[in-house]
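Colleague: I am new to this one. Could you walk me through it?

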Amino acid sequence: MNAENVHQDTDLAAPELPPEPGNAAGSAAADSDTGTAFDTGTAFDAEAGALIEPAAEPEFEAAEPAAEPEFEAAEPEPVAPPTGTMSAERLAAKALEARLLGGERKLRRREVAAGAGLSLLSARKLWRALGFPNLGDEDVAFTERDQAALSTIVDLVRDGKLTEEAAISITRAIGQMTDRMVVWQIEALVEDMVQEQGVSDAVARKRLVSELPNLIDPLEEMLAYSWRRQLNAAVQRLAVRAEAGLQSSEEGREGDEDDAPLPLARAVGFADLVSYTSLSRRMNEKTLAQLVQRFENKCAEIISVGGGRLVKTVGDEVLYIAETPAAGAEISLALSRAFTDDEILPQARVAMVWGRILSRLGDIYGPTVNLAARLTALADPGTVLVDSMTAAALEQDERFVLVPRPAEDVRGFGEIHPVQLQPGSGRGLILD
């Protein structure tokens, strides 16, 4: 959020003030797409010309008609089912939605925003950060839980625990991560049903609606558990061991490197499957899905066991980080060995660079990342490359053998001196 776009006359922490009589400007601005700061100064409806009052009348009753016997036949003769009757699948989906959303959709967007003490503009910023689609003023799309969630993040800003910019960024992180997670989980469940129950993909997706109610609570519990464990691990990485990592990062440095101003010292690695594009063209959908899943599962396991973190996968490539040069080297060698020994997956090109990075939006940035990517393209199938600075940090470690290769001219870096990393003494990374 750029500083020049913030309205200086708004303050999320300030108490809400009523609008001046006849002033509809706040409501009109709330429906625009400009500006970035939260606006809680008014909850005024320009069309009605008055403050929005929470409605408790049947105005918000469910859109579906009540299940009354108004369509029963007046005579005993059999009649066709009424046109408005919902199928069993639709009823199951509606019940599942009510459980997931915390009730029926009874509120419009202006009512939810007003209930949280926000302008519509500010509420829409948070909804967009979560990845929700844009809705019209007359769409009855929200529940009381939506209003409570909106109030939760806004209260953190009003209480001074988060800035507005941090609130938007954290909300976007939650939206993007949970969206990817949910898609992943649904696809995994559908694939399992297709294989175990012998049904088609379309049938499995319909049947999943009736299976999900039994999974919601345990999946939600695991999500909260994993989040707490991951948060604790992140605190240990960023705080407890940060000083040791920065001290290690000085090895072999002169202080004039491109990444010197960046805050975190990490081993950054890439693993790229060889001939993936040509292989994928010859595979059907099921076989390709199995290959991708096998690749991701193997990478995630090795990186986790080695104490690293899988940053992301993009098709046939995985990006990972580790806290020390030795940990990054162990992971890189284990990945290369695993793909060479795999009877299904092709070999991989692997590269690892020790340097400083910037971590933002769940991703990592900086010259270290770019150099690791360039080295990956130079690596031969089944080998691991590092740069000369990373080699200098590893040269006293007997677990690794370093074999210099001819200098290469690399776009954006000029002449570099790649070094092939090979296993030395010791057993290397051991997988259970």
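**The cores and the surface**

Modeller: This is a predicted model. Its largest nonpolar core has 35 residues, and I331, L335, F339 and L421 touch the most other members.

Colleague: Which element gives the largest share of this core?

Modeller: Several elements each supply at least two residues, including β3 (264–273), α11 (285–305), β6 (348–360) and α12 (325–341). The largest share is nine residues, and it comes from α12.

Colleague: What does I331 touch, leaving out residues up to four places away in sequence?

Modeller: Contact here means heavy atoms within 4.5 Å. By that rule, I331 touches I302, I303, G306, G308, Y320, A322 and L429.

Colleague: Is V235 buried or exposed, or partly exposed?

Modeller: V235 sits in helix α8 (residues 216–240). Buried means under 20% relative accessible area, and exposed means over 50%. V235 has 42%, so it is partly exposed.

Colleague: Which residues form a nonpolar patch on the surface with V235?

Modeller: In soluble globular proteins, nonpolar side chains tend to be buried together. This patch lies on the surface, with about 310 Å² of accessible area together.

Colleague: What percentage of the chain's residues count as buried?

Modeller: The chain has 14 helices and twelve strands. It exposes about 25300 Å², with 53% supplied by carbon and sulfur atoms. Of its 432 residues, the buried share is 34%.

Terms used: Residues are numbered from 1 along each chain as its sequence is written. This is a predicted model: local features need pLDDT of at least 70, side-chain atom pairs count only at pLDDT 80 or more; totals for chains, interfaces and linings use all residues. Side-chain values use heavy atoms; hydrogens and water are left out. Patches are made of residues with over 30% relative accessible area and no salt bridge: like charges are joined within 9 Å, nonpolar side chains (Val, Leu, Ile, Met, Phe, Trp, Tyr) within 5 Å. Accessible areas come from the Shrake-Rupley method with a 1.4 Å probe; for residues, only the protein chains shown count as cover. A salt bridge is a side-chain nitrogen of Lys or Arg within 4 Å of a carboxyl oxygen of Asp or Glu. Helices (H or I, at least four residues) and strands (E, at least two) are DSSP runs, numbered from the N terminus. Buried means under 20% relative accessible area, exposed over 50%, partly exposed in between (1.4 Å probe, protein chains only). A nonpolar core is a set of buried Ala, Val, Leu, Ile, Met, Phe, Trp, Tyr and Cys residues joined through side-chain atoms within 4.5 Å.
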